[in-house]
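Welcome to a short tour of a protein chain. Have a look at the sequence and the model first, and then we will walk through some parts together.

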Amino acid sequence: MVTVDNLTVSYRRHPAVHHLACQVAAGSLTAVVGPNGAGKSSLLDALVGKVRPTTGRIRLALPRRTPPAYLPQQSTIDRSYPLRVDDVVMLGAWAQFGLFGAARADVARRAGEALERVGLAGLGRRLVGELSVGQFQRLLFARLLMQDSPLILLDEPFNAIDSRTTADLLRLVRHWHAEGRTVLAVLHDLDQVRAHFPHTLLLAREGLAHGPTAEVLTDANLLRARVLAEQWDESAAWCRRDEGAVAPGAAPVEGDGHAHAHGHAHAHGHAHAHAHAHAHGHGHGHAQAIGPAAAAARPAVAVADAVPGSAR
């Protein structure tokens, strides 16, 4: 469903996601975890087209004109605009009636059904600003139901909401998984991940591991993620590969992603040979070490092309 090939996403000349390569299988239920600032939200932003990759490319196996269903963090949403609850839900069917088309009767009916499924039946005429935090998150899940996409991207969907709402929305996530939809969720609660998400992608700007959750969330992997995050140096110098330079904001690279220029900071605060690990064969039932940091630890599952003279 999702193929990420050598992806780098940069802000102000520093990478938030750094040479990430991974595949997310259709129908999988995957958590994206990592330390604060690990690039988790930036990965989702790139998948939905909110940010343009500095290098690499993304492929989504979606039907034509079917975008992913995307849930941003609540903190990024302005709730002060006087919209009614049912209006917000019907915006999930935007692709069906467009900017100037009136919402058809079947869209309004589906919106009512979506509100009922998330526990907000009878609240359609309320203003969004009148809802509690938990009710507002239920509303955003109702909008996802209206989108009816085979790919669902959730950014911290259970952050700062009550336990009952969390349990209800987790049941909906499991239902999507049972329907064969692909769900990718950024999460912080590792116990929640272990209990409900069969697969996990571990990030620390670089991809460290991807596979069955029990094999990814090991003490060794989590320690490596923490150390890598702590060593990141935002003041590190800009570097360029010998093949040429890609300026910040340049067009995504087309091709296999192995021979390309890059122009972003390698910021770990120490100099060493720069090996890019391109992971292959995801989905074989075992965790794959991915990214430069994992190349030395798991050489059997990564192909590394060393770049002479590169320092970070």
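Which residue in β7 is the bridge partner of A31? The bridge partner of A31 there is A185.

Before we go on, a word about where the values come from. This is a predicted model, in which local features need pLDDT of at least 70 and side-chain atom pairs count only at pLDDT 80 or more, while totals for chains, interfaces and linings use all residues. Residues are numbered from 1 along each chain as its sequence is written, and side-chain values use heavy atoms, leaving out hydrogens and water.

## The whole chain

The chain holds 10 helices and 14 strands. Helices (H or I, at least four residues) and strands (E, at least two) are DSSP runs, numbered from the N terminus. Of its 312 residues, 52% count as buried. Here buried means under 20% relative accessible area, exposed means over 50%, and partly exposed is in between, using a 1.4 Å probe and protein chains only. A contact means heavy atoms within 4.5 Å. Among the contacts with a separation of 6 or more, 72% are between residues 24 or more positions apart.

## A covered strand

Let us return to strand β3, residues 29-33. In general, strands of a sheet pair through backbone hydrogen bonds, either parallel or antiparallel. Two strands are said to pair if DSSP finds at least two bridges between them. β3 pairs with strand β7 (residues 182-186) in the parallel sense over 4 bridges. Another 4 bridges join β3 to strand β8 (residues 199-204), and these two run parallel as well. In β8, the bridge partner of V33 is L202.

Is β3 mostly covered or mostly open? Mostly covered: 5 of its 5 residues are buried. In a regular strand the side chains alternate between the two faces of the sheet. On one side of β3 we find L29, A31 and V33, on the other T30 and V32, and all are buried.

## An open sheet

Another group of 3 strands forms an open sheet in the order β2-β1-β4, with antiparallel pairing. Its edge strands are β2 (14-24) and β4 (55-60), each of which pairs on one side only. Ignoring direction, neighbouring strands of this sheet are turned by 25 degrees against each other on average. Strand β1 (residues 2-11) pairs with β4 over 5 bridges in the antiparallel sense, and V2 stands opposite L60 in β4. Helix α1 (residues 40-47) lies across β1, β2 and β4, running at about 115 degrees to β1.

## Two helix pairs

Two packed helices are described by the angle between their axes and the distance between the axes. Axes are lines fitted to C-alpha atoms, for helices over the stretch in contact, and angles run from 0 to 180 degrees between N-to-C directions.

| Helix pair | Angle | Axis distance |
|---|---|---|
| α4 (residues 105-117) and α5 (residues 133-147) | about 135 degrees | 9 Å |
| α5 and α6 (residues 163-178) | about 10 degrees | 10 Å |

Angles under 35 degrees count as roughly parallel, over 145 as roughly antiparallel, 65 to 115 as roughly perpendicular and the rest as oblique. The angle of about 135 degrees makes α4 oblique to α5. With an angle of about 10 degrees, α5 and α6 are therefore roughly parallel to each other.

The contact of α5 with α6 involves, among others, F141 and L144 of α5 and L172 and W176 of α6. By class, this contact has 7 nonpolar, 3 polar and 3 charged residues. In the other pair, V107, R110, A111, A114, L115 and R117 of α4 meet L139, A142, L145 and M146 of α5. Those residues divide into 8 nonpolar, no polar and 2 charged. For these classes, Ala, Val, Leu, Ile, Met, Phe, Trp, Tyr, Cys and Pro count as nonpolar, Asp, Glu, Lys and Arg as charged, and the others, Gly among them, as polar.

N6 is found in strand β1 and has a positive phi of about 55 degrees although it is not a glycine. At 1% relative accessibility, N6 counts as buried.

R205 lies in the loop between β8 and β9 (206-212). Its phi is near 70 degrees, a positive value in a residue other than glycine. R205 counts as buried at 15% relative accessibility.

P67 is found in the loop between β4 and β5 (69-71). P67 is partly exposed, with a relative accessible area of 46%. Not counting residues up to four places away in sequence, P67 touches L62 and S149. The C-alpha atoms of P67 and S149 are separated by 7.0 Å, with the two residues 82 apart along the chain.
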